[in-house]
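I am opening my notebook on a new structure. I want to look up how its parts touch.

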Amino acid sequence: MPLPVLDVKNLVLWYRTRKGPVHAVDDISFALEAGQTIALVGESGSGKTSTANSILRLLPKNVLRYEGKVVFDGQDVMEFDDEEFRKVVRWRGISMVFQGAMNALNPTTRVGSQVAEPLIVHYDIDRREAADQAIEALGKVGLSGDIARRYPHELSGGMKQRVVIAMSLILKPKVVILDEPTSALDVMTQTNIINLLKDLKNAEHLSYIFITHDLGLASELADLVGIVYAGELVEVGPAEGVFVRPKHPYTGKLLASVPRLRSEAAPDFIPGVPPDLTDPPPGCRFHLRCPVSFEKCGWSAPEFIEQVKLLQSSVETKDKVPAIEAMKAKDTQTLLIKPVANGTVAEFAQRLTSFIAQDQETYRFLKSVESVQPKAKVVEVKLHEAMPPPLIGGDWRASCWLLEAGGS
Amino acid sequence: MEALRTKSGLAAGAMLGFLIILAVLVPILAPYNVVQAWNDPGAWTNNPKLAAPEWSEIFSGKHLPRTILLPSNGEPGGFDKVRVSFNVSGQTYTIVVLRKSFSFQFDTFPSEIKLFMTAVFGNATGTQIRVFWERPDGQEVHLFDGNPSVRAPYENTYSLTGPSIKDPSYAVYSGIRDWLIAKNVTNQTEWDALFPTSGGIYQNPPQTQMMLMGKLNRTMLDPETAEVLKGNYSFRIEFKGFTPTDDANARAVVYGTVFGLAGTDYEGRDLLVALLWGAPVALAFGVAGALASVLIQTILGAISGWYGGFIDEFVQRTADFYLIIPTLPILILLGILYHLGILLILFVLVVFGVVGATTKVVRSIVLQVKEEQFIEAARSYGASRSRILFRYILPRVMPYTFALIALTVPAFIFLEASLSFLGLGDPSLPTWGHILGDAYTQGALFASRAYPTGLWWWVFFPAAGIIFTTVAFALLGYAFDKVLNPRLREQ
Amino acid sequence: MTASVVDQQLPTEARPPSPNVIELDALKKWFDIGRGLFRGSIPLKAVDGVTLAIARGETLAVVGESGSGKTTLGRTVIRLLEPTDGRLLYDGQDITHQSEKELMWLRRKAQMIPQDPYSSVNPAFPVYRILEEPLVIHKEGDRAQRGEAVMKALQSVKLNPPEFFANKYPHMLSGGQRQRVAIARALMLNPAFILADEPVSMLDASVRISILRLLRQIQHTFGISFLYITHDLATAKHFSDRIGIMYAGRLVEEGPVGGVLGEPLHPYTKALMNAIPDPDPANRLTVRQGLPGEPPSLISPPTGCHFHPRCPIAQAGLCDVKDPEMRELRPNHRVACHLAS
């Protein structure tokens with residue numbers, strides 16, 4: 001089993017904001033072999049760009065926690081000091097094509113000089129030599145040498161993106177991080193760029209970390225797929241597995257939401273919004289939107305109350321809910337419900353229990369109820385303990401309690 | 001409105017609140033015609049000239065003299081009068097004696113002592129007036145005799161401390177000299193040496209208040225060494241007339257060296273009045289000018305940006321032209337050629353401010369907002385162009401407009417102050433700039449022997465007024481800017 | 001929806017209702033691009049002779065890459081721009097050159113939903129004011145009636161409870177919620193036609209589907225016709241009835257969604273379909289077919305068929321000389337290509 005060229009273990013990045021600490025990257029681990037591509041797929045704000053930036057140590061000023069091991073070519077580069085990291089790792093070992101980079105080219109400098117710049121910064125190299133290498137790099141990305149004398153505004157979108165890719169390859173890195181490399185491009189240009197990336201992967205024996213929200217695009221390059229949700233890696237495994245029979249419910253929902261050109265299946269959408277990274281939900285971070293969540297997934301009392309209120313306010317569902325006057329969370333796992341004065345508390349408890357039994361498949365949060373106890377004037381509802389699921393599985397693993405008993 | 005929650009916003013709010021309350025209360029509580037009073041020297045005769053504020057005596061450590069008013073007979077606390085008219089051998093004699101005492105407990109000498117006398121003589125010939133000064137140490141000084149040759153009514157003002165050659169009370173010097181010689185404090189030779197005369201005019205007049213009220217010894221000859229004799233002093237005036245209807249009256253003022261909260265200027269005008277009245281004038285002028293100019297510019301800029309085309313070109317080139325015009329030099333020119341009342345100044349400033357930097361700023365904001373998609377959507381549901389401009393776009397511009405108004409007010413206040421300072425403003429209105437101008441022309445900040453720190457209060461108060469107001473508005477503008485400019489927000 | 005409080009303003013001549021809400025006949029929209037003070041101007045041919053029709057209650061998707069002229073087409077169809085040539089008919093009435101004043105009735109019947117959720121609704125107004133505006137401008141109803149209409153509209157776009165959302169300002173809402181408000185605004189005047197210009201392209205992938213579904217639902221409930229402009233062929237497939245492919249200012253293929261995407265006849269349509277990947281792990285092992293070159297400039301497009309420089313089957317002497325005409329090669333399915341069959 002060859003040694004991975006990049007082995008990320010338990011990477012964490014939290015940073016401070018006025019509202020509290022943001023859990024941008026929360027314990028992410030994956031291993032990449034030489035020549036392999038991993039796609040990090042997730043919605044916007046899920047933490048995939050932060051992960052890439054953390055690997056390259058491009059940190060914001062307000063870092064709170066930055067931990068983990070990043071083993072590149074056998075060495076843990078987290079141990080390097082900033083200067084060493086800059087010399088050895090950044091751009092030389094691992095380079096990056098940033099999101100929107102083609103629009104961030106310096107408009108006042110010729111393209112050739114910009115491509116040559118990393119060479120001049122890193123090595124004490126003669127200008128002519130650097131220019132030659134720049135032209136060589138441009139050739140690799142399919143641009144002729146005279147492009148080097150042009151300015152960015154003279155080039156089309158596709159050409160600019162090729163320039164940016166050339167810049168990322170100039171120091172001959174082993175790993176290239178691609179952050180949404182085709183997001184601003186037309187479909188046709190996108191295809192050409194992806195084809196270029198496929199060629200380069202083979203010709204230069206590169207490993208890619210391909211960050212995108214587009215599953216179709218991801219499948220164009222990915223050998224491994226990592227699904228990022230709310231700062232965590234909820235599933236990571238081989239493309240054949242993840243795209244076809246995903247283990248994690250979120251992956252399943254994500255795949256179902258892609259409108260497919262070659263299939264008649266109507267795309268489905270994921271209800272709700274991704275969680276706030278300053279206050280991630282307890283337990284599994286996806287449980288609020290999961291179609292198959294059950295009692296272990298981590299419903300808390302405030303969330304439970306929130307869900308009941310949502311049901312009460314919608315015209316279609318408000319009649320299903322037994323008449324409630326008020327609800328209060330006693331602690332994170334317990335809540336008290338005061339019924340509308342219409343019969344005894346015990347009767348209400350009954351109605352509540354049968355509602356839970358009947359509708360828990362549709363309204364998954366009801367599954368988290370452990371017990372319903374009528375008290376003097378209120379009903380005490382206890383919820384199951386919440387714990388975040390670990391990554392279950394080996395090379396193909398997902399963090400979902402459903403996998404515990406060997407199910408999928 | 002959240003601007004007020006920032007620290008600078010709170011400070012600004014407090015300062016402005018104070019100014020506004022002041023500006024509102026002053027006209028209500030002192031409802032007299034300031035302008036009239038300011039320009040009437042007769043209104044200020046009871047005030048010492050160039051007096052420092054009373055509280056400034058803290059700096060000297062001494063109890064500095066306040067003004068003592070001795071009203072005429074008939075008024076409460078006035079001169080006592082005894083009037084006798086009698087007949088001797090067919091000749092009527094009328095004697096009027098006016099006398100008033102006062103207590104002087106201060107550590108330094110008064111700045112001036114003035115005596116105002118009036119009399120009615122049936123027949124002025126031969127009438128006599130004799131003025132005496134009584135001291136706490138029992139000394140009596142025959143100051144001078146007056147020979148009224150004027151018919152009637154007789155009215156005269158005598159200064160006991162600064163008579164000029166033309167003043168009848170010039171005789172006071174002689175009266176005092178004779179008394180001092182008689183008391184062996186000095187002699188004729190020494191007097192002539194200390195206070196030489198040339199052609200009868202004193203080159204270096206003696207400081208008579210030291211002699212009238214100082215301890216009776218040689219120290220009183222030199223203001224540096226004279227010591228105040230504290231105690232009761234009296235004026236005594238004797239009139240002699242020859243008709244039964246003759247009558248006389250007198251009043252006196254012993255001027256202090258300090259006055260009021262803000263001191264006085266060279267006409268004895270209470271500077272507190274100017275200070276207080278300067279506030280509403282400054283605020284009204286500044287706010288009116290800023291509001292008018294900024295609002296006009298905003299609307300022009302918005303129209304220019306929204307409608308584009310020829311209107312845009314026209315307004316923008318006009319704005320460029322205006323930006324080059326040097327407003328202040330032109331105003332100075334106008335001020336020299338014409339009399340500028342305060343309203344005219346305001347009008348001219350607004351006219352010069354009809355297009356300017358604000359026009360351009362607002363135009364760029366409008367150009368930006370114009371591209372936003374809800375504007376296009378509005379056109380698709382039938383909103384007219386003018387509706388979009390006034391109801392959708394202008395509200396986005398308004399927060400910036402407030403900030404700009406706040407920052408323009410000090411500019412207007414300064415302009416007015418500058419003009420007044422140069423003497424080109426409204427000469428009848430006691431604005432802060434005007435006071436500063438007076439102070440400047442009178443050399444207020446030059447130190448002199450009498451005023452070793454210069455006339456600092458004359459400069460300090462109006463300047464403080466201008467600075468306070470300017471800072472208040474600048475803080476307000478800064479508070480607005482903080483809210484509007486995300487880069488300045490505290491992270 | 002709400003009972004229309006004011007009668008629809010009918011066109012001046014009563015006509016039998018035509019089956020098509022919108023008809024375009026060789027519509028052109030050219031812009032004059034000045035080249036400097038004394039060098040005159042040259043035309044930018046954004047829309048260069050487009051003929052199509054949108055029937056009642058149907059969604060027509062116009063798909064094209066950026067620079068194809070699709071956005072200009074949308075703006076011209078609802079008369080935010082005046083056509084340079086050709087005819088534009090709404091409900092059979094010629095609105096090609098009518099003035100703004102004459103078009104006030106169109107401003108009720110045809111609405112638009114913009115693309116950018118950050119600027120599609122007025123950030124300075126609360127939601128109820130945003131929604132009330134169209135009614136106020138057209139003087140529909142009194143205060144109470146307008147309030148009711150606003151609540152109903154919010155419910156139609158699933159912003160429940162409506163009272164909660166009515167008082168919010170746009171910056172308090174998510175992108176998807178803001179687009180829903182924009183949709184609600186478009187519904188206020190009971191339109192018969194809505195232009196949806198890339199309404200979801202700036203939203204997160206997961207939100208897109210729910211918004212597109214909502215639009216479909218609205219269409220079926222209220223019988224509104226939609227012109228859905230997009231660059232995303234896949235969403236066009238699942239959310240429209242008919243589809244038109246635009247390239248360099250011209251329509252190259254047009255027909256029912258199943259027909260066009262099931263049997264693409266124009267080489268550009270074929271290339272477009274080939275270029276889009278579905279999530280399939282086998283993709284990484286093959287090379288996808290692309291097209292050489294770049295989309296042409298609309299100022300000086302290629303002569304003859306605008307696509308010929310990039311076309312794999314272009315014939316010299318024909319395709320670079322003669323403009324292809326739209327031919328109906330399958331039922332209701334037209335193609336503008338000399339060589340398609």
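**Entry 1: where two chains meet**

I began with the salt bridges, and I counted three between chain C and chain B. I kept in mind that this is a predicted model. I then looked up one of these pairs, E376(B) with R75(C). Their closest N and O atoms are 2.1 Å apart.

Next I checked polar contacts. Between chain C and chain B I found nine residue pairs, both residues at pLDDT 80 or more. Which elements of chain C each supply at least two residues to the side that touches chain B? I noted β6 (110–113) and α3 (127–137). The largest share comes from α3(C), with five residues. I also sorted that side of chain C by class: 14 residues are nonpolar, six are polar and seven are charged.

Then I looked up the extent of the contact. Chain C gives 27 residues and chain B gives 14. The area buried between the two chains is about 1,700 Å². Carbon and sulfur atoms give 54% of that area. Which residues of chain C lose the most area to chain B? I wrote down L80(C), S119(C) and I137(C). Together they make up 26% of what the chain C side buries.

**Entry 2: inside chain C**

I turned to the domains of chain C. Domain 1 is written in pieces, 53–84 + 192–277 + 293–341. Domain 2 covers 118–190. I looked up the distance between their C-alpha centres and got 31 Å. The contact takes 13 residues from domain 1 of chain C and 11 residues from domain 2 of chain C.

I read off the buried area between these two domains as about 890 Å². Carbon and sulfur atoms give 73% of it. How many salt bridges cross this interface of chain C? I found zero between domain 1 and domain 2. For polar contact I found one residue pair, both at pLDDT 80 or more.

I then asked what the domain 1 side is built from. Helix α7 (residues 205–222) of chain C gives the largest share of the side that touches domain 2, eight residues. By class, that side of domain 1 has 11 nonpolar residues, two polar and no charged.

**Entry 3: a look at chain A**

Domain 1 of chain A runs over 6–256, and domain 2 of chain A over 299–383. Their C-alpha centres lie 48 Å apart.

Note on methods: Residues numbered from 1 in each chain as written. Chains lettered and ligands numbered in written order. Predicted model: local features only at pLDDT ≥ 70, side-chain atom pairs only at ≥ 80, totals over all residues. Heavy atoms only, no water. Domains from an automatic or database assignment. Contact = heavy atoms within 4.5 Å. Buried area = accessible area lost by both parts, 1.4 Å probe. Salt bridge = Lys/Arg side-chain N within 4 Å of Asp/Glu carboxyl O. Polar contact = N/O pair within 3.5 Å; in protein donor to acceptor, adjacent residues only side chain to side chain. Helix = DSSP H or I, 4+ residues; strand = E, 2+ residues; numbered from the N terminus. Nonpolar A, V, L, I, M, F, W, Y, C, P; charged D, E, K, R; others polar.
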